[in-house]
Amino acid sequence: MRRRSTQLALAFIAILTVFSVLVVWPSDPDRYLPDFVPWPEPGCVGPVCIGKGVRLPYIAIDRSTIRIDYLERREMRLGLDLRGGTRLVLEADISRNPDVDLDEALDSAVEVVERRVNAFGVAESITERVGNNRISVQLPGISAAEAIEKIGRTAQLQFMEMRRDAQGNVVIRNPDGSTSSMPFDQVSQSSSLIQLAEWTPVTAVGSDGIRREITGTYLDRGGIFVTRNLAGLPELRFEMNEEGAKLLGEATARLSNPPQPMAFFLDGEPIRGANGLIIAPFVRSQISDRGVIDGLSLSEAETLSTLLRTGAFPVPLTVVQQEDVDATLGDEAVVHSVQAGLIAIFVVMAFMTLYYRLPGLLASLALFVYVSLTLAVFKLWPVTVTSAGIAAFVLSVGMAVDANILIFERMKEELRVGRSLVGAIDAGFNRAWTSIRDSNVATLIICVILYWFGDQFAASLVKGFALTLALGVAVSMFSAIFVTRTFLRALIGSNVMQHLWLFGHDVEEARGPRAAEAAVRVGGAGLD
């Protein structure tokens, strides 16, 4: 049973390591990998490719055609100091509402910007107030157009109905810009005419007796999410707050008799489906507290839900300046850091192997698993890697090695006093575990405190350092306790374990030849 569990654990580690290496492997390996390694010349024969690059094939089905395509590799997300990015300056416009408290409005706008940045997964940004009426936002690794699309929109959702003239006919905007009127029955029967209709905000009388437009202000932001209908198509579901439910209920009672289309506009522009047509479903019954927007692609639905959840700006903001931000350290620093890290890891592996011999060699393999798995987590999370994040990762590598050293020293102590090999391995891990646990838990507590302070003072570098270090510590515990132990157990009973000098130069000498022989014999008899 014990051998079976060890084999399964070994297979799990192997699969996890291969997956991590495939994920971590750079899209441009020539930048990082040394030239003195005899890599084969790059080339592909069918789906099989050799060379420095790794291409991941998959079977793509396009209508009736089946072909082999390749996954596009995602690059590691780098911070402003390593890759640069975009800086936007947003200016508040209070000309339409001069009585607004500008100071309070700008503080709220900064919070909205940060929520949007975090919601879109663009971490390590810098958001700060500039002057009396401006906000500066620095975003790593994205273009100015993409930054404006994510940050600059006001995200004001409007519920719209077709505009009518005095006779109740629908106003149509002709291709030449002129307008005309057509009977509602005729327009409602033609999807092309609906696309040409002019739209006006849906209004209803609120609880205070004042007629109001129904907008995203009345959305319950906790009730906005993307799901799929029975046909598997994405749809955006939303819920209204109490006042919004009253307004929408009154409006849809009118629009459902007879059924009329209701469109959704975002920032004054109609929301269109993947086919480019305005999404305007017919209201067939009264709707009060919740509704559904369909006809969107999955990415459109997710983007729209994110914008609506993060809310609109308290005052109109206009992008008055946009510029590219150069990396503080630059691309060359990234390449040198990767190469220095590879050299440092190989030096640590050599030291562990020379000093601790067989356990050191297994710890080196475990360190390789740790590094590949941690970087894969960074890439899949995704974590924005900055210079502070690199420092945290290097620190976690040291903690992973330190845990192995604690285990091996305890194991050697058990072997010196005459314990069997199996007993020494188990006792070594058990005795070292409390020290490893306490030190790592203390580090995780410090990470939580650092992250909290970083969040309170908007110090994104501190938050990134804390998050990176916490992930590294968690993976290092897995590596030291599970991976290294599995490697040792997998070798028990093999010929290589018959030589106790492989566990330290003084182990065999300390227990004497007979005791050493007995330890190996007892250890082998008690295996698996």
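Biologist: What should I know about the model before reading values off it?
Modeller: It is predicted: local features need pLDDT of at least 70, side-chain atom pairs count only at pLDDT 80 or more, and totals for chains, interfaces and linings use all residues. Residues are numbered from 1 along each chain as its sequence is written, and side-chain values use heavy atoms, with hydrogens and water left out.

Biologist: How many helices and strands does the protein have?
Modeller: There are 14 helices and 20 strands, taken as DSSP runs numbered from the N terminus (helices H or I, at least four residues; strands E, at least two).

Biologist: And what share of the residues is buried?
Modeller: Of 528 residues, 42% count as buried; that means under 20% relative accessible area, with exposed over 50% and partly exposed in between (1.4 Å probe, protein chains only).

Biologist: Switching to rings. How many aromatic pairs are there?
Modeller: A search of the whole structure finds 11. Rings of Phe, Tyr and Trp (its six-membered ring) pair if their centres lie within 6.5 Å; planes under 30 degrees apart are stacked, over 60 edge-to-face, and the rest tilted. One of the pairs is Phe159 with Phe238, edge-to-face at 5.7 Å centre to centre and 65° between the planes.

Biologist: Where do Phe159 and Phe238 sit in the chain?
Modeller: Phe159 is in strand S8 (residues 157–162) and Phe238 in strand S15 (residues 234–240), 79 residues apart. Phe159 is buried at a relative accessible area of 0%, and Phe238 is buried at 5%.

Biologist: What about Tyr370 and Phe393?
Modeller: Those two are stacked, 6.5 Å centre to centre with 10° between the planes. The pair links helix H9 (residues 331–380), which holds Tyr370, to helix H10 (residues 387–416), which holds Phe393; the two residues are 23 apart.

Biologist: Why does Tyr370 count as buried?
Modeller: Because its relative accessibility is 0%. Phe393 also counts as buried, at 13%.

Biologist: Which residues form a ring cluster?
Modeller: Phe351, Tyr355, Tyr356 and Phe408, linked by ring pairs.

Biologist: One more. Is Lys379 buried or exposed?
Modeller: Lys379, in helix H9, is buried, with a relative accessible area of 6%.

Biologist: What lies 2.9 Å from a polar atom of its side chain?
Modeller: The backbone oxygen of Val23.

Conventions:
A polar contact is a pair of N or O atoms within 3.5 Å; within protein, one must be able to donate a hydrogen and the other to accept it, and residues adjacent in sequence count only if both atoms are side-chain atoms.
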